[in-house]
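Colleague: I am new to this structure and would like to learn how to read its features one by one. Could you take me through them slowly?

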Amino acid sequence: MRYIRRRFPRRYRSSGGKRRRLLWLGLAIILIAALCERAISGVSPELVEEAARGYVLECISRAVDAELEESGAPFVTVERESGGKISMVSADQERLNSLRAGVLERLSRSLKGKATVYVPVGSLTGVGLFNGRGFPVPVKLQLEGSAVVEFSTEFTGAGLNQTCHRLMMTVRARAYSPSKRFETSVETEAATVLAETMVVGEVPKLNMQQ
């Protein structure tokens, strides 16, 4: 008796394999979700605080970079004597006030409301070798934050008979998450050099008034 092999259209032959692939994909998603939930339950207050501080610093950096990109022009004016010697360095208070207002406005939006911070899964194992490694585990926070912006100036020696003048902006921010699961409070700051002037000879006068 001759055996006859029956052939079925491709759509019928592949339907079973497709269902198996979808089943395995669903199981993989469930497994990953379960692992993430277990990992989140092991997040310590110290890890949440560290992640929240990193988020706040990132918010400060984005706000400052965005405002500086829009500002463009220098923040100080250098006055020189007839011989070219620097006699006075004046800060542009109008532009500094505008910079402060812009940074604070951006931070008022980014430091208030829902935020997602990330903790490396390796840090949840308690094994030092894995600390800071692995895929990021998302942690949801509800933030309430505030910030202040201050300007300062400093003179530092830069060699023989040379002085470097710097105009600095310091942003201090604090944020609090009242979440019962991930309650945390952080405070951090970041400094940015707005202007730098190299002075040869006598230190000039500095004008920081409006």
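This is a predicted model: local features need pLDDT of at least 70, side-chain atom pairs count only at pLDDT 80 or more; totals for chains, interfaces and linings use all residues.

Colleague: What share of the protein chain is buried?

Modeller: A residue is called buried under 20% relative accessible area, exposed over 50%, and partly exposed in between, with a 1.4 Å probe and protein chains only. Of the 210 residues in the protein chain, 31% are buried. Accessible areas come from the Shrake-Rupley method with a 1.4 Å probe, and for residues only the protein chains shown count as cover; the protein chain exposes about 14,300 Å², of which carbon and sulfur atoms supply 53%.

Colleague: What do the contacts say about residues that lie apart in sequence?

Modeller: A contact means heavy atoms within 4.5 Å. Among contacts in the protein chain between residues at least 6 apart in sequence, 64% join residues at least 24 apart. Leaving aside residues up to four places away in sequence, Leu104 touches Ala147, Val148 and Val149, and the C-alpha atoms of Leu104 and Val149 are 7.5 Å apart although 45 residues separate them in sequence.

Colleague: Is Glu67 buried or exposed, and what does Glu67 touch?

Modeller: Glu67 is in helix H3 (residues 45-71) and is buried because its relative accessible area is 11%. Beyond residues up to four places away in sequence, Glu67 touches Leu99, Gly102, Val103 and Arg106.

Colleague: Which side chain of opposite charge is nearest to Arg95?

Modeller: Lys and Arg count as positive and Asp and Glu as negative, with His and the chain ends not counted, and a salt bridge is a side-chain nitrogen of Lys or Arg within 4 Å of a carboxyl oxygen of Asp or Glu. Arg95, found in helix H4, is buried yet has no salt bridge, and the nearest side chain of opposite charge is Asp92, 4.7 Å away. Arg95 touches Ser71, Gly72, Ala73, Pro74 and Phe75, not counting residues up to four places away in sequence. Asp92 itself is in the loop between strand S2 (86-91) and H4, and is partly exposed because its relative accessible area is 27%.

Colleague: Which residues form the surface patches?

Modeller: Patches are made of residues with over 30% relative accessible area and no salt bridge, where like charges are joined within 9 Å and nonpolar side chains (Val, Leu, Ile, Met, Phe, Trp, Tyr) within 5 Å. The place of a charge is taken as NZ of Lys, CZ of Arg, CG of Asp or CD of Glu. Lys18, Arg19, Arg20 and Arg21 form a positive surface patch; Arg20 is in helix H2 (residues 15-41) and counts as exposed because its relative accessibility is 54%. Leu23, Trp24, Leu27 and Ile30 make a nonpolar surface patch of about 480 Å²; Leu27 also lies in helix H2, and counts as partly exposed because its relative accessibility is 43%.

Note on methods:
Residues are numbered from 1 along each chain as its sequence is written. Side-chain values use heavy atoms; hydrogens and water are left out. Helices (H or I, at least four residues) and strands (E, at least two) are DSSP runs, numbered from the N terminus.
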